[in-house]
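Subject: Structure handover

Hello,

Here is the structure you are taking over. Please open it next to this email, as the notes below follow it.

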Amino acid sequence: MKNLVITLQVLIMFLFLQSCEKYEMVQYGEGNEINFMADYYLGKDKKPYWVDETEYLHYETNFGINPLGDSLLLDTLLVGVKISGIPSAHPRKVVFTTKKLGDNTLEIVCPEEYYVPADTGVAVFKVLIKRPEKRNTEYSAYLTFDYEKSDFKAGTAERQIFELKAENSVNLELWGSSQEEWDGYYVMFFGDYSETKARYLITKYGGTVLNEWTMTNQFYDVLYSNGFYLDFEEYKADPNNAPLIDENTGEWIEIPDISELL
């Protein structure tokens, strides 16, 4: 009877160890493999929520419509990574690189060295995206890992690439309007539409969404004081300011004087 109990205990222990071994293989694979994580709320001005779903491994940005104008040279992106296997007792290095995606390759900047801290399998890093050189042209790239310089090897194939796209574009559709709406309403305040004029107004007054901006107190304060015309005349009078040339006429943009209408 005693021998039977011992035999059963050995058998149970064997089955337990075998199940643990299978579980480790399912959970960790070979270990030390790196994958991208995605921020579910990326681009929505919310606190990051990191997920594994591959459909969120992309980011698009537009440098054209922003209150900083041409002075905005870099966009900040937070990138998450997850490591398979047992956490290490020491930090491990991660190095990014880019691969060409389209005709115009987007440039990124890594402002520091990246390490996954000890005793964890996840980390978040800051990557900077450079402003596209050409206007109204899409730049793109695949962000991926430089495995030779990193302390990791590739994980699942579908989580080795983070797709990036950026442009420096301004048009009425992106600004939240249309040519018909401009010609029927906004032309009274700003004159004929031009991209140069739109960029000036966005940078000067911070109105990144046209229809929302024109409903603010700031807009009406400037309008009723004939401020759009007066501010622009002040801009033109300063020789240190660059000329704002209308791409449609080849001349300075114009903003109408509406003082007689006020």
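Helices are DSSP runs of H or I with at least four residues, strands are runs of E with at least two, and both are numbered from the N terminus. Just after helix α3, Gly206 has a positive phi of about 75°.

Two notes on the source. This is a predicted model, in which local features need pLDDT of at least 70 and side-chain atom pairs count only at pLDDT 80 or more, while totals for chains, interfaces and linings use all residues. Residues are numbered from 1 along each chain as its sequence is written, and side-chain values use heavy atoms, with hydrogens and water left out.

Helix packing

Two packed helices are described by the angle between their axes and the distance between the axes. The axes of α3 (residues 195-205) and α6 (residues 227-237) come within 12 Å and cross at roughly 100°. Axes here are lines fitted to C-alpha atoms, for helices over the stretch in contact, and angles run from 0 to 180 degrees between N-to-C directions.

On the α3 side, the contact (heavy atoms within 4.5 Å) is made by Tyr200, Leu201, Lys204 and Tyr205. On the α6 side, Gly227, Phe228, Asp231, Phe232 and Tyr235 take part.

Is α3 mostly covered or mostly uncovered? It is mostly covered, as nine of its 11 residues are buried (under 20% relative accessible area; exposed is over 50%, partly exposed in between, with a 1.4 Å probe and protein chains only). Tyr200, Leu201 and Tyr205 are among the buried residues of α3. The buried residues of α3 pack against α2 (179-190), α4 (210-213), α5 (217-224) and α6.

Aromatic rings

The whole structure holds 35 aromatic pairs (rings of Phe, Tyr and Trp, the last by its six-membered ring, with centres within 6.5 Å; planes under 30 degrees apart are stacked, over 60 edge-to-face, the rest tilted).

One of them joins Tyr40 and Tyr41, edge-to-face, at 5.0 Å centre to centre and 80° between the planes. Tyr40 counts as partly exposed because its relative accessibility is 32%, and Tyr41 is partly exposed at 27%.

Phe96 and Phe125 form another edge-to-face pair, at 6.1 Å centre to centre with 70° between the planes. This pair links distant parts of the chain: Phe96 is in strand β6 (residues 96-100) and Phe125 in strand β9 (residues 122-130), 29 residues apart. Both Phe96 and Phe125 are buried.

Regards
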